[in-house]
Amino acid sequence: MPTSTILRGGHVLDLTDGTWRTADVRVDEATITAIGPGLAERDADELDVTGRYLMPGLIDGHVHVTAFSAELRDLEETAASYVTAHAARTMRAMLGRGFTSVRDMGGADHGLARAQAEGLLPGPRLFFCGHALSQTGGHGDMRLPGDDRPPAAGLGPGISTVADGVDGVRRAAREELRRGADHIKIMASGGVASPTDRIDSTQFSIAEIAAAVEEAAAANRYVGAHAYTARAINRALRAGVRSIEHGNLLDAESLTLLRTRDAFLVPTLVTYWALQREGRQHGLSATSWAKVEAVLDRGLASVRLAHEAGVRIVFGSDLLGGMHRYQNEEFRLRAQVQPLIDVIRSATTTAADLLGRSGTLGVLAPGAAADLLVLDADPLADVTVLADIGDHLRAVVQGGVVVHGALGPSPR
Ligand SMILES: [Zn+2]
């Protein structure tokens, strides 16, 4: 698009009340500068988007753009250049699914974020944490039980770094902050696919979690924690963690803590859905595969409970390797337990709140980044519009530039 453009006559989504209004949107450079009926075209080109639906670009609150394989251990033994090539392709594909910003929860670094920001590779705006912090034998320790070599040192590609003790955690957090991390990720419980830990284990001592929180806060950043069980979730929240990742096995106390501590829940249901479909062919053992269904069912129930309790919920997908293509299935899963408008808010306004970008991302308003989707059907009326977005997405505008598809009116 030219430097000043008016998108004329589209339906513009207001997420506050979940309504559409027919209006023009003026974009100057990378920013929306006016929204209203009959905007004058002073010094601006015009594009007719009559009949199209305009909504903010989507935000995915939990991704791993470098995860070219579902076997995360592979990343630690692969050249950074190869991992970057895969990440570039994954990020490009995310734009085509309507995601103009993503929050990476392990793996992406300042180099990828810089390359995206400078336009070297097309992709969503990247909010990254570098390496996730894990204790020895924790969810981010990729060594098999028979491997007695030292753990990953947090250098090069790889999702995680191993740190122990308050001083070790402090140093690891400071390293990631030094490299420009937007947030710190910690592994506060076991996981589904890690080689040696149990899903019901808690990880890191309270003092270690508090040290990560203190270091993040000192840099005006925050901590997000991978946690499944209520026990792990609740101790992380009490230690000052701001976002709970996954949270499938939360309890009533978790809901109270999430609300009273102004924290966020970032469920990632689609990753279990995809593992259920394709996990066996991606090498998941029969025992692990059997656990996936229970985790998905409990995860759905937890999203319903969190929604009813008024917890701030953010969209997340957490897909790995060849399963990235299912990113938008998360909309269909959540729509089973939440009103569609709230699912859309979780991928726009609420996600922007978590990123500390309220009012500039995830919203169509003067002063916001010109990140928007042009759809040929109403995403509030039917979940398939976002779940099967390829059938409906006419264009993606990011920072005032058309980065996918093309702009124009509906055929009459
Ligand atoms: Zn993850």
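Good morning. The structure is a predicted model, in which local features need pLDDT of at least 70, side-chain atom pairs count only at pLDDT 80 or more, and totals for chains, interfaces and linings use all residues. Residues are numbered from 1 along each chain as its sequence is written.

I begin with the whole chain. Its secondary structure comes to 13 helices and 18 strands; helices (H or I, at least four residues) and strands (E, at least two) are DSSP runs, numbered from the N terminus. Along the principal axes, the C-alpha atoms fill a box of roughly 65 × 45 × 40 Å. Of the 412 residues, 54% are buried, meaning that 20 or more other C-beta atoms, placed from the backbone, lie within 10 Å of the residue's own.

Let us turn to strand 16.

Which strands pair with strand 16? Two strands pair if DSSP finds at least two bridges between them. Strand 5 (residues 53-56) runs antiparallel to strand 16 and is joined to it by four bridges; M55 has L373 as its bridge partner there. Strand 17 (residues 393-398) is also antiparallel to strand 16, again with four bridges, and L393 in strand 17 is the bridge partner of L375.

Thank you for your attention.

Definitions and conventions:
Buried ≥ 20, exposed ≤ 12 C-beta atoms within 10 Å, placed from the backbone.
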